[in-house]
Amino acid sequence: MEAANCSLRVKRPLLDPRFEGYKLSLEPLPCYQLELDAAVAEVKLQDDQYTLEHMHAFGMYNYLHCDAWYQDSVYYIDNLGRIMNLTVMLVRQSRRV
């Protein structure tokens, strides 16, 4: 398989000369809780798996998996071995000052 050589060209009409950068919001992130009938299955390290590679692999593990086709859906596996699906509907409320 040959390596492809491609150049990235800037589309000047898409650039905003008045762009001053991104701003950090100090507002707390919302946290939601949901009562489940079975707990989420956790990946546990065994006694012989405490190397740096194991810690990195298991420490970066995310128990929620997004659905590529439905962005409002997430999946997880519970302690009973079931694949569970949750639909998350975020409703934004405008602030009135």
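1. A pocket, as the term is used here, is an open set of grid points where a 1.4 Å probe fits, with protein on both sides within 12 Å along at least five of seven lines. In this predicted model, the largest pocket has a volume of about 550 Å³. Its lining comprises 18 residues, and those closest to the pocket centre are Leu34, Leu64, Val74, Leu86 and Val88.

2. Two elements, β2 and β3 (83-87), each give two or more residues to the lining of the largest pocket.

3. The antiparallel strands β2 and β3 are joined by five bridges. Within this pairing, tyrosine 75 has asparagine 85, in β3, as its bridge partner.

4. Serine 73 lies in strand β2, which covers residues 73-77. Is serine 73 buried or exposed? Serine 73 is classed as buried because its relative accessible area is 9%, and the class requires a value under 20%.

5. Which residues does serine 73 contact, once its neighbours within four places in sequence are left aside? The contacts of serine 73 are then His65, Cys66, Asp67, Asn85, Leu86 and Thr87. Of these, Leu86 is also among the residues closest to the centre of the largest pocket, and Asn85 is the bridge partner of tyrosine 75.

Key. Residues numbered from 1 in each chain as written. Predicted model: local features only at pLDDT ≥ 70, side-chain atom pairs only at ≥ 80, totals over all residues. Heavy atoms only, no water. Helix = DSSP H or I, 4+ residues; strand = E, 2+ residues; numbered from the N terminus. Buried < 20%, exposed > 50% of the residue type's maximum accessible area, 1.4 Å probe, protein only. Contact = heavy atoms within 4.5 Å. 1 Å grid on protein atoms, 1.4 Å probe; cavity = no way out; pocket = protein on both sides within 12 Å on 5 of 7 lines; lining within 4 Å. Points joined across faces, edges and corners; volume = space filled by probe spheres on them. Pairing = 2+ DSSP bridges.
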